[in-house]
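Hi there,

Here is the structure I promised to pass on to you. My notes on it follow just below.

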Amino acid sequence: MDRSHAREIVANWMFPTVKSSYMGGAEDRPIIAKSEGSTFTDTDGKTYLDFQSGQMGAALGHQHPRIVHTITETMKTLLHSTNTMLNVPRLKLHETLGRILPKPLARSLFLVSGSDAIEASIDLARKATGGLDVLGFHSGLHGSTSYLTRSLSFAWSRRKHTVVAPATSSIMTPNCYRCPLKLQQPSCQFACMKISLELADANFTSQPAAFIGEPILSAGGVIVPPPGYYKVLRRELEKRGMLMIFDESQTGLGKTGNLFGFQLHAGAQPDIMTLSKHFGGGLPISAVVTTDEIAERAVGNGYFATRSHATDPLLCAAGEESVKIVVEEDMSGKAKRIETRIKAALEEMAKEIDLIGDVRGHGVLLGIELVTDRDKKTPADAATEKVAQDCQDAGLIFQLRGYQGTKNIIRLVPPMTTTDEEVDRAMAILRDALLAAQAGVKAGAPAQAAD
Ligand SMILES: Cc1ncc(COP(=O)(O)O)c(C=O)c1O
């Protein structure tokens, strides 16, 4: 399809997209024709390194041969089924997933999207505790269903939505690079948490039910809560009878260099965990996971969660294969090796490129925060946008993130199967783009004025 035909379709038939949203302006970007491994090719025949893993659903690599084989074989016998009867791929997925979960996590239920799983996990916590209020981080993002998950996605302005769900409020994200209290770790003793919980206690409208967070806040700016933070938070939640929910859409199943992202944080195993994105190897399936005890308590109070396509054999077969691939092909080890290679390259770049203010994250979930002044940490929004555009032109794709209106964080999420050669090529493209942006900032180009 040529670009003018695509523009015509966008102009006449596609639902319009808010320009400032992350989906805005898609008509000016490459139109994807096919993908494989860590690359995709556009309709003009140009190939790009995909360092955002699609919409993070291709962390096993696009078109993983085992996923393609499983889907193809399953389709021949079973595509859709019913929730009123069991089917074999569904049963096998419960068992395969259950066997890799750290105890006492054991029970799973399946849904379709990540947002579905978040809604279901909040409902589960409410039914299990009898509580209502839910806390999330003020830079967190947990989904796009128009009521509950957007209400808990404080990183997206809640003003965008017509109605916000009651009993949802935020606590301060422990962002040590930009501590709003201007304190230092560890002497701060998590002052941000203490103040936040004091406020939360005052704001609760009922018995609180849960806190929801990510082991690494991905969309919120690739923020890694400091060592010990989650362990202390867990104790505070227990005091209040609240459950800890970890949204592992972006951190689960190998991506942080651990099987699950919560394993980055000692003493912080969640009561409830959600999985989505590459859980389906590229197909949409999500899971809510919890303990026997919590599941039984919630079900005793009438809890259930499902969707018409929640246990489709095709999706469950892809889910089971993806879990097996993560374990059998040592995806965590691969993610760790990619992290080491990228961080070594960035460390070298940071010696000559002052624009690099901070490098953080784990495995294949990495963030580079660009600043025009390392001491003042002035967000280099315009320069970051230029870097992204130059990289795209040179064949490297990634997304930009930020917080409270900024967009100065490069988020790198390469598939875990990315080769050393591909990492090196991506780093060379990024280095050239950063050098060019830095030269522009130093010369006082408009990019700098806009910062
Ligand atoms: C951490 C996190 N949770 C939940 C979701 C929602 O997933 P979905 O878009 O599949 O509903 C996202 C989406 O990006 C996410 O990043």
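Two terms first: strands pair if DSSP finds at least two bridges between them, and helices (H or I, at least four residues) and strands (E, at least two) are DSSP runs, numbered from the N terminus. Residues are numbered from 1 along each chain as its sequence is written. Please keep in mind that this is a predicted model, where local features need pLDDT of at least 70, side-chain atom pairs count only at pLDDT 80 or more, and totals for chains, interfaces and linings use all residues.

Let's begin with the sheet. Strand 7 (residues 208-213) and strand 8 (residues 243-247) run parallel, joined by four bridges, and Ile212 stands opposite Ile245 in strand 8. Both strands belong to an open sheet of seven, in the order 4-10-9-8-7-5-6, with mixed pairing. Strand 4 (105-111) and strand 6 (168-171) form the edges, each pairing on one side only.

Finally, helix 10 (residues 313-328). Of its 16 residues, 13 are buried, so the helix is largely enclosed by the rest of the structure; buried means that 20 or more other C-beta atoms, placed from the backbone, lie within 10 Å of the residue's own. Just after helix 10, Asp330 takes a positive phi of about 45°.

Best wishes

How values were computed. A residue is buried if 20 or more other C-beta atoms lie within 10 Å of its own, exposed if 12 or fewer, and partly exposed in between; C-beta atoms are placed from the backbone.
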